[in-house]
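Here is a short tour of the strands and how they line up.

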Amino acid sequence: MGLHDECGVVGIYGAENAASLTYFALVALQHRGQESAGIAVSDGQKIKLHKDMGLVGDIFDRSHFEELSGSVSVGHVRYATAGGRTIDNAQPFLNTFKLGGIALAHNGQLVNYEPLREMLEDSGCTFSSTSDTEVILKLIARNYKKGLETALVNTIQLIKGSYALCIMTENCLIGVRDPNGIRPLCLGKVGNGYILASESCAIDAVNGEFVRDIAPGEIVILNEEGVKSIQLGEKTSKQTCVFEYVYFARPDSVIDNIPVQSARYKMGEILAKESYVDADVVVGVPDSGIGAAMGYSKQSGIPYVKGIIKNKYIGRTFIAPTQAERENMVFVKLNAIRCDLENKRVVVIDDSIVRGTTSRRLVQILRRAGAKEVHFRVSSPPVKFPCYLGIDTPSKNELISSTHELEEIRKEIGADSLAFITLEGMLEALDSAEICTGNGSSGCKSGFCKGCFCGEYPVAGR
């Protein structure tokens with residue numbers, strides 16, 4: 001898989017053990033970023049912060065939670081989009097000044113980061129990182145003397161791009177979602193307090209109760225007075241990143257009233273209708289290809305078998321620094337179960353083909369296990385355009401579907417046949433998976449950002 005993760009954000013308000021709840025929520029969001037993690041906590045007087053490079057479980061131990069006492073917190077797991085891979089760019093960011101402190105965690109990417117940073121530098125601001133998140137923090141701090149709400153509104157009106165923000169002061173937690181809702185953010189209850197998180201699975205991880213998704217363009221302020229909602233500007237159409245459902249989100253999450261696993265089942269069913277092939281077994285590429293494989297099996301009547309085993313003790317393949325190492329990591333990460341595949345005609349379902357190198361290695365693994373035929377099916381359309389809204393995609397000339405026709409890709413990966421779901425089929429799957437709750441948090445027939453497939457984005461590029 002050549003698409004790199006986004007980030008995961010968490011906020012807790014009104015819980016005695018805010019730091020430990022944030023820790024468990026971040027562990028549930030670890031799939032969204034394995035590069036760095038951090039937690040900031042307020043005891044009502046002062047904000048303390050601990051962050052480092054690595055996985056959540058490696059960064060925090062018992063001693064940290066003795067230090068990080070308080071009832072308001074924000075946390076972050078990161079995969080780099082804007083800014084380099086250094087501790088300076090690890091989040092949350094904390095700014096302490098004479099009026100108090102602000103800590104901020106951000107999932108997404110600003111498209112006007114550079115002019116905003118230049119404007120701030122011209123007015124005397126200094127920066128400790130190359131992250132666009134620090135720009136958001138400095139903009140809020142610059143306007144803070146006008147009051148928190150005014151500072152937030154002024155900042156949100158300046159920044160453009162994709163963002164889900166968790167922001168805290170000494171006694172307040174704020175959640176913000178970009179006007180198109182490109183990045184997910186949801187609200188839940190935990191004990192006598194509240195939780196904000198990128199995915200609902202993080203609310204489940206702390207035994208919380210899901211309340212609703214934050215609406216596009218909404219600011220939610222959580223303090224001793226309760227929950228206050230501010231809706232910015234005109235109502236915009238929701239354009240959630242479609243890859244949340246294809247690949248990024250955990251299958252047990254529900255985003256904007258769409259259960260992720262249901263969406264993947266439906267994608268597999270429609271893929272089977274669009275590109276049935278006579279075969280003996282269907283297998284899914286762990287983890288995000290499994291739901292679609294089960295849907296393909298159900299619709300086609302071809303038995304589903306496990307077929308491929310994943311090594312649970314290594315991260316996603318992009319952690320290896322060079323492309324050659326990433327390719328070879330596939331052999332470490334995935335292996336075939338010979339008794340499921342030997343002398344069988346195999347349909348293998350993956351969530352996407354980006355560069356094509358992982359797919360080629362996968363076909364080799366299946367053939368090595370004795371597969372008689374390998375028919376490759378993909379539960380998303382061809383990725384032809386890079387993303388500048390929070391996903392670290394390769395450049396356009398590295399995207400195999402941008403430079404090759406279908407038959408060329410088939411030959412390149414070594415499959416007996418190859419087919420992608422159509423864009424219309426994928427959108428039909430998402431529509432049919434959506435739950436109409438009628439609670440106002442998300443209208444039915446959601447919209448999606450699908451720029452990586454068609455080149456049309458909800459926010460103009462840089």
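Two strands count as paired if DSSP finds at least two bridges between them. Strands (E, at least two residues) and helices (H or I, at least four) are DSSP runs, numbered from the N terminus. You are looking at a predicted model, in which local features need pLDDT of at least 70, side-chain atom pairs count only at pLDDT 80 or more, and totals for chains, interfaces and linings use all residues. Residues are numbered from 1 along each chain as its sequence is written, and side-chain values use heavy atoms, with hydrogens and water left out.

**The antiparallel sheet**

- In the open sheet, seven strands pair antiparallel in the order β3-β2-β4-β1-β10-β9-β11.
- β3 (47–53) and β11 (209–213) are the edge strands with a single partner each, so one side of each has no neighbour in the sheet.
- Strand β2 (residues 36–42) meets strand β4 (residues 72–78) in antiparallel fashion through seven bridges.
- Within that pairing, Ser 36 has Arg 78 in β4 as its bridge partner.

**Strand β20 and its partners**

- Five of the six residues in β20 (residues 345–350) are buried, meaning under 20% relative accessible area with a 1.4 Å probe, protein chains only.
- β20 runs parallel to strand β17 (residues 281–284), joined by four bridges, and Val 282 stands opposite Val 347 of β20.
- Six bridges link β20 in parallel to strand β21 (residues 373–378), where His 375 is the bridge partner of Val 347.

Definitions and conventions: Buried < 20%, exposed > 50% of the residue type's maximum accessible area, 1.4 Å probe, protein only.
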